[in-house]
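The following note sets out some points for a colleague who is reading this structure alongside its sequence.

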Amino acid sequence: MAKIRSQHVCQNCGHVAMAWTGQCPDCREWNTLVEQAAPKPAPKATAGKGGNGRTLPAGTPGQAVPLREVQAARVERLSTGIGELDRVLGGGIVPGSLVLLGGSPGIGKSTLTGMAMANLQAAGSETLYVSGEESAAQVRMRAERLGPAALEVKALAESSLETVLGTIEAERPAVCVIDSIQTMHSSELSGAPGSVGQVREAANALAELAKRLDVAVILVGHVTKEGSLAGPRVLEHLVDCVLRFEGERERTWRTLRAIKNRFGATSEVGVFEMRSGGLTEVLDPSARFVEEATGAQGSVVLASMEGTRPVLVEVQALVSPSELEIPRRVVNGIDRNRLSMILAVLARHARLGLGTADVFVNVVGGVRVDEPGADLAVALAVASAQRGEPLSSPDGRPLACFGELGLTGDLRYVAHADRRVSEAAKFGLAPVIGPRGGERLEGLAPCATVRQALKVAFSGNQTVKPAAAA
Ligand code: TYD
Ligand code: MG
């Protein structure tokens with residue numbers, strides 16, 4: 001087959017170059033040039049085919065109608081049979097939609113998609129599982145672990161994009177998994193499989209086919225070491241829904257999060273555990289985490305929100321004298337810059353200087369908390385580790401808290417205080433140290449500043465009235 005002409009387009013500013021360079025000559029961003037198929041010399045004016053950013057000449061005008069008159073049939077979503085996955089998707093897979101499932105190798109992407117396909121097939125939807133990474137025999141071996149229903153899923157071990165497209169055309173499944181998008185390659189492009197140009201072409205072609213045939217396509221994507229999907233901007237713009245599957249490979253916990261969702265909220269999080277027979281849904285994650293929480297020094301329970309669901313997680317800190325000129329700041333499950341800010345607030349507003357100490361902070365269980373409400377938990381865990389004093393309540397139960405730290409040392413209100421407090425109360429963790437504001441809550445020990453929160457936390461009696469503690 002003749003190679004089609006290709007060009008290199010900057011993903012940042014759209015500059016088009018004939019040859020690849022490390023830096024875009026226009027906007028000066030690095031590594032943003034991506035190989036793409038060049039537009040045909042004299043393209044026909046076909047509306048709606050501009051998915052590659054090609055400039056099209058004006059054609060015959062289309063018919064614009066008021067949205068009120070647009071026919072929008074309510075689509076029946078397809079249930080994957082996995083409650084947590086359906087919830088994160090916003091209530092199941094939308095027919096004809098494109099979902100990107102990202103995660104590091106070995107996290108369980110193939111397992112999750114395999115299970116979802118098995119359930120869909122069992123429920124009467126035709127499925128197709130395209131594996132570009134594993135042979136059909138390997139896919140079968142996984143399916144055997146997942147149960148008999150998984151063996152009914154049609155599989156295709158193929159990495160040629162053209163063959164895959166042809167198979168989808170012929171099979172017309174309701175849902176199709178491409179595992180993974182990075183292994184797909186088109187013979188029309190010279191780039192290696194996994195190069196951004198190839199990934200983009202493959203995703204574009206699959207997106208076009210998905211919409212045309214009303215096939216829901218789940219693209220499995222690997223994430224790079226930095227945690228972003230390879231060819232991220234390209235894919236994230238293109239798909240309807242971006243899911244990220246996270247967790248530590250050594251641990252059994254997995255969280256599934258929507259980063260983008262055209263058909264639902266992005267705040268939902270699903271929690272899973274990897275077992276021998278596949279992934280099981282964890283319907284009450286708090287119970288597991290609180291059970292493990294020790295109440296030892298440097299440990300505190302964070303009443304956090306995972307989407308609309310309150311989840312109690314344990315935050316641990318370790319502080320030790322540093323031998324390095326620039327002490328270590330090691331984090332797991334929280335943002336590193338956030339830790340720096342919290343340490344600065346502690347130093348300035350709580351006279352807790354850690355400039356010569358290594359500080360390690362870990363959210364137990366491989367969970368990631370991406371919300372400002374985690375600030376106070378980090379501050380308390382670090383303070384407890386620094387002082388060598390545990391933070392448990394008088395009856396020996398771990399201390400629970402939440403709240404955002406302001407740069408002025410104030411403890412700021414965060415959303416869903418009521419749900420956080422009642423979740424903690426469910427596990428006997430009351431009172432909870434948290435910010436003032438909003439309604440008065442039973443079981444909350446409200447504090448105005450981080451200093452006050454520390455005082456209350458270390459008093460061993462969290463029922464102290466804030467006025468008395470200040
Ligand atoms: P896999 O889904 O292949 O990960 P990915 O596609 O994200 O690379 O599965 C990863 C791990 O899960 C693998 O090391 C084996 C383990 N596993 C189980 O523990 N139980 C199971 O039932 C299955 C299918 C896999
Ligand atoms: Mg896999």
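1. In this predicted model, helix 4 and helix 5 are in contact: L161, V164, L165, I168 and E169 of helix 4 meet E201, A202, A205, L206, L209, R212 and L213 of helix 5. By class, the residues of this contact comprise nine nonpolar and three charged, with no polar residue.

2. Two packed helices are described by the angle between their axes and the distance between the axes. Here, helix 4 spans residues 161–171 and helix 5 spans residues 196–213. The two pack at an angle of about 10°, and their axes lie 11 Å apart. Angles under 35 degrees count as roughly parallel, and helix 4 and helix 5 are therefore roughly parallel to each other.

3. The cysteines deserve a separate remark. How many disulfides does the model contain? The count comes to zero. C241 has a relative accessibility of 1% and counts as buried, because the cut-off for a buried residue is under 20%. C447 is also buried, with a relative accessible area of 0%.

4. Regarding the chain as a whole, there are 12 helices and 21 strands. Of the 470 residues in the chain, 50% are buried. The chain exposes about 22,100 Å², of which carbon and sulfur atoms supply 52%.

5. A final point concerns contacts along the sequence. Among contacts between residues at least 6 apart in sequence, 66% join residues at least 24 apart.

Key. Residues are numbered from 1 along each chain as its sequence is written. Chains are lettered from A and ligands numbered from 1 in the order in which they are written. This is a predicted model: local features need pLDDT of at least 70, side-chain atom pairs count only at pLDDT 80 or more; totals for chains, interfaces and linings use all residues. Side-chain values use heavy atoms; hydrogens and water are left out. Axes are lines fitted to C-alpha atoms, for helices over the stretch in contact, and angles run from 0 to 180 degrees between N-to-C directions. Helices (H or I, at least four residues) and strands (E, at least two) are DSSP runs, numbered from the N terminus. Angles under 35 degrees count as roughly parallel, over 145 as roughly antiparallel, 65 to 115 as roughly perpendicular and the rest as oblique. Contact means heavy atoms within 4.5 Å. Ala, Val, Leu, Ile, Met, Phe, Trp, Tyr, Cys and Pro count as nonpolar, Asp, Glu, Lys and Arg as charged, and the others, Gly among them, as polar. A disulfide is a pair of cysteine sulfur atoms within 2.5 Å. Buried means under 20% relative accessible area, exposed over 50%, partly exposed in between (1.4 Å probe, protein chains only). Accessible areas come from the Shrake-Rupley method with a 1.4 Å probe; for residues, only the protein chains shown count as cover.
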